[in-house]
Amino acid sequence: MNQKLDFIIGGHQDARVVLHTAMANRHGVISGATGSGKTVSLQVLAENFSRIGVPVFISDAKGDLSGLAESASDTERFQQRIETIGLEDYSASASPTVFWDLFCKNGHPVRTTMSEMGPLLISHLLELNDTQTGIIYSCFKIADDNGMLLLDLKDLRSMLTWMGTNAKQLRNEYGNISSASIGAIQRRLLVLEEQGGDYFFSEPAVSLSDFMQVDFSGRGVVSILDSVDLIAKSPRLYSTFLLWILSELYENLPEKGDAEKPELVLFFDEAHLLFDRAPRVLLDKIEQIVRLIRSKGVGVYFITQSPLDIPEDILGQLGLRIQHVLRAFTPKDRKTVKAVAENFRENAAIDTESAITELGIGEALVSVLDEKGAPTPVERILIRPPASQIGPIDDQQRQQRIQRSPLNGRYDELLDRESAYELLKERAEEKARQAEQKPKPRSGRARQSVGEAFIKSAARSIGRQVGRQIIRGVLGSLFGSR
C-alpha cells in the first residue's frame, strides 16, 4: 500500500479494506436504506480524499455534511471501532471547506447561464416533449447563428416570443415553430422561475476551477453545495445542475491518463434524481460522460438507497461499492436484495444476500478495485470513524466560515450585460421609431420584414457581440467559448 495516498475505508479483526487512489477515478456507489450510515461513509471518503490533496465536491442533500469543517470532539466512543479495524493513523481533524447555495442563504451563490447549460439540459429541466424540445434547439440555433447571448430567463423568454412573432420568416431555415409549443414552454419557464431558476440562471457564472482548490497546507478543499431547499423546491433543477457540472468538467479538463490520485472527486447524493424520467438520448450521453471523464482525472461517486436506481450501463462502470443494510419486507424488496448481491464479486466466506439484510449501523459490504483494476471479493466490514464532526455545524459557525472564505464577495453582485433580451428590445424600439418617422414607400421593392431586418442586422453584429465561434459539447453546453 502507498502509505501516503492509499487509505483504509474500514475493516474487521482479520482484514482491512484499502482504497487505492490510483483507481479512485473509476467511480463508485454508496447505497443502503435510510439511517444505515451512507452519510458517514461519504464523509469518511471525502475527508480522506481531502487529506491526500484531492479537491472534493459534495451535493449535501440532507444538510448533515457541514460537520466536515469541524474536528470530531467525542472520539472516545470510536475507540473500540478503531481497535477492531486496526487503525494506527486516526486523529481528529477538520477539512478545509467552502459552502455553496443556489439560493444564496447558506453559502456562496451558484449561477450559470442558459447558453452554458445548452438546449438538451434546458429541455430536460423543463420536462419538454419532443416537439417542444425541437423548439428549444431552434431557439439556441437562431441565437448562436446571430451572436445572441442567452444568459437568463428573460433572454430565453424574449427569444421565444420573437420566434413566435416571426415564425413564417424562420420556417424555411429552422423548421415549423408552433405557437402552442412556445406557449407551453413559456408556462414551464414561469414554473421554473418560481422554483428558483431566476437565482440560478444569471451572472456571474460560477467557475468550476473554484471547485478544484487546494489549501496552503496541501489539503484538497471540500466544496459543499447545500441542496436541502433545492431538492425540496425543484429536484429537476438539482439533477440538471449536477449533470451540467459533469458536462462542463468533461468538456474543459485536459486528458490526464494514469495518475496516482484524482484531480477532483464528486459525490452526488440522491443520485436517483439524476436519472429520473430522463429521456434515452440524455441517458446515453450521461453514460458516455461517466465512462470517459475518468481519463480527465475525475471520480464520480453516487449515493442512493439502492444501486439499482442507477442505470445498468453506468452501474457497470463503478469500481467502488459500499453497500449498507437493505430491508426485505416484501417480495419486491427480496428481489432487489438478490440483484444487489449479484453485483458483488463472490466471497466464499460470506453469504452476501443474507448479509445485506443483517448489517448493523456503520457496517457495510465493500468491494474495491485492486492495484490492477480488478474488483476484489466482497468483504463485510466496519466503516472507519470520521475524523470530522458527525452532523452539521450550527448556522453561526457556517456564516463565520462563509465570511472568511477566499471566495467571499466574488459572486455576490449580480451582472446583467447586454444579451438577447436587451438587443431584441433595442431593435424593436428602433423599428418602431423608424416606422413613425418614415413614410411608407409608394412603389419599388417592399420594405424588409421585421424578421429579415433583425436577422441581417444581427448577422452583421456577430463580431461585436460574441467575437468567436460558439461550439457546443456533448450535452449541448458551451465548450471553449467562455
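View 1. At 3% relative accessibility, G147 counts as buried (buried means under 20% relative accessible area, exposed over 50%, partly exposed in between, with a 1.4 Å probe and protein chains only). This is a predicted model, in which local features need pLDDT of at least 70 and side-chain atom pairs count only at pLDDT 80 or more, while totals for chains, interfaces and linings use all residues. Residues are numbered from 1 along each chain as its sequence is written, and side-chain values use heavy atoms, with hydrogens and water left out. Look for G147 in the loop between α5 (130-145) and α6 (153-165); helices (H or I, at least four residues) and strands (E, at least two) are DSSP runs, numbered from the N terminus. G147 follows α5 and has a positive phi, near 65°. Its C-alpha lies 9.3 Å from that of S419, although 272 residues separate G147 and S419 in sequence.

**View 2. Helix α5 and its surroundings.** From its first C-alpha to its last, this helix of 16 residues reaches 22 Å, close to the 22 Å expected at 1.5 Å a residue (the expected span is 1.5 Å times one less than the number of residues). Buried residues of α5 include I135, S138, C139 and I142. What covers the buried residues of α5? The cover includes α3 (114-117), α4 (119-125), α6, α7 (167-174) and α8 (179-194).

**View 3. M163 in the largest nonpolar core.** A nonpolar core is a set of buried Ala, Val, Leu, Ile, Met, Phe, Trp, Tyr and Cys residues joined through side-chain atoms within 4.5 Å. The largest one has 86 residues, of which L156, M163, L266 and F302 touch the most other members. Helix α11 (residues 235-252) gives the most to this core, with 10 residues. Leaving out residues up to four places away in sequence, M163 touches I135, S138, C139, I142, L170, I177 and I182 (contact means heavy atoms within 4.5 Å).

View 4. The protein averages a pLDDT of 89, and 91% of the residues score at least 70; pLDDT is the predictor's confidence in each residue, from 0 to 100. Confidence is highest in strand β8 (residues 264-268), at a mean of 98, and lowest in helix α20 (residues 462-465), at 39. Over residues 444-448 the pLDDT stays under 50, and the model has 3 contacts for them beyond four places in sequence.
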